[in-house]
Amino acid sequence: MSKVIYPGSFDPVTYGHLDIIKRSASMFEEVIVGVLSNSAKNPLFTLEERTEMIEDAVKDFDNVKVINFDGLLIDYMKKNDISVIVRGLRAVTDFEYELQIAQSNRKVSKDTIDTVFLTTSIDYAYLSSSIVKEYARYGTDVSEFVPGNVAIRLKEKLN
Ligand code: PNS
């Protein structure tokens, strides 16, 4: 369990995601942040843009690496010898969706992959990339929710 993957669409990364990354990095030897496609979502930023924003935000962590790919999470994990997924749980509303993904990843991987959940810090319990984009779209300052470079990119993209 020394190497884990924290997957997500990160469109864009928020302080809520970074809180989970930071806490995972203090618990595990290596944390791979996987920037992936969620077929249910139409992203604002490209895979490369989302990856760059996270790379910038985690550059001071020696044991955090950011990767991206367009494929199945469990395939990447098998190829790279990773058996644990980390996900954040904000509220009970996340639970059903998270349970479904965790159980299906476990089933399809023939019980070789597990998911561990970290509860989001109370400071970020309300925060989501969608909410940040919605505020940014109407010109609201979102620098409380996302790193400075992300706030700038949101402004450039949406105005
Ligand atoms: O941040 P999100 O959008 O809730 O993350 C969901 C994500 C990207 C982790 C999930 O959609 C995913 O794992 N996508 C990669 C394709 C895959 O493996 N799909 C099967 C599980 S849904």
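This is a predicted model: local features need pLDDT of at least 70, side-chain atom pairs count only at pLDDT 80 or more; totals for chains, interfaces and linings use all residues.
Where is Lys110 found in this structure? Lys110 sits in the loop between helix H4 (92-108) and S5, where helices (H or I, at least four residues) and strands (E, at least two) are DSSP runs numbered from the N terminus.

Residues are numbered from 1 along each chain as its sequence is written, and side-chain values use heavy atoms, with hydrogens and water left out.

Let me begin with the backbone. Most residues other than glycine have a negative phi, and most peptide bonds are trans. Lys110, although not a glycine, has a positive phi of about 55°. Its side is exposed, with a relative accessible area of 70%; buried means under 20% relative accessible area, exposed over 50%, and partly exposed in between, with a 1.4 Å probe and protein chains only. Phe10 is likewise not a glycine and has a positive phi of about 45°. Phe10 belongs to the loop between S1 and H1. In the loop between strand S1 (3-8) and H1 we also find Pro12, and the peptide bond that joins Asp11 and Pro12 is cis, with omega about 0°.

I turn now to the aromatic residues. A pair of aromatic rings is described by the distance of the centres and the angle of the planes. Rings of Phe, Tyr and Trp (its six-membered ring) pair if their centres lie within 6.5 Å; planes under 30 degrees apart count as stacked, over 60 as edge-to-face and the rest as tilted. The structure holds three aromatic pairs. One of them is formed by Tyr6 and Phe10, edge-to-face at 5.3 Å centre to centre with 70° between the planes. Tyr6 is buried at a relative accessible area of 5%, and Phe10 is buried at 2%. Another edge-to-face pair joins Tyr126 and Phe145, 6.1 Å centre to centre and 75° between the planes. This pair links distant parts of the chain: Tyr126 is in the loop between strand S5 (114-119) and helix H5 (129-137), and Phe145 is in the loop between H5 and helix H6 (148-158), 19 residues apart. Tyr126 is partly exposed, with a relative accessible area of 44%, whereas Phe145 counts as buried at 15%.

Next, helix H1. How does the span of H1 agree with its number of residues? The expected span of a helix is 1.5 Å times one less than its number of residues. For the 13 residues of H1 (residues 15-27) that gives 18 Å, and the end C-alpha atoms are 18 Å apart, which agrees. At the N-terminal end, Thr14 caps H1, with a side-chain oxygen 3.1 Å from the backbone nitrogen of Gly16. Among the buried residues of H1 are Gly16, Ile20 and Ser24. An α-helix has 3.6 residues a turn, so residues three or four places apart point the same way.

Thr14 leads us to Ser128, which touches Thr14 and Arg90, not counting residues up to four places away in sequence; contact means heavy atoms within 4.5 Å. Ser128 lies in the loop between S5 and H5 and counts as buried at 15% relative accessibility. The side chain of Ser128 reaches the backbone nitrogen of Ile131 at 3.1 Å.

In strand S2 (residues 30-35) lies Glu30, partly exposed at 28% relative accessibility. Leaving aside neighbours within four places in sequence, Glu30 is in contact with Ser2, Lys3, Val4, Asn63 and Lys65. The C-alpha atoms of Glu30 and Ser2 are separated by 6.3 Å, although these residues are 28 apart along the chain.

Finally, the ligand. Which residues come nearest to the ligand? Of the 13 residues around it, these are Ser9, Asn38, Lys41, Leu73 and Arg87, a residue being near if one of its heavy atoms lies within 4 Å. An oxygen atom of the ligand is 2.5 Å from an N or O atom in the side chain of Ser9. A nitrogen atom of the ligand is 3.1 Å from a polar backbone atom of Ser37. The protein covers 79% of the 520 Å² of accessible area that the ligand has on its own, by the Shrake-Rupley method with a 1.4 Å probe.

Key: A polar contact is a pair of N or O atoms within 3.5 Å; within protein, one must be able to donate a hydrogen and the other to accept it, and residues adjacent in sequence count only if both atoms are side-chain atoms.
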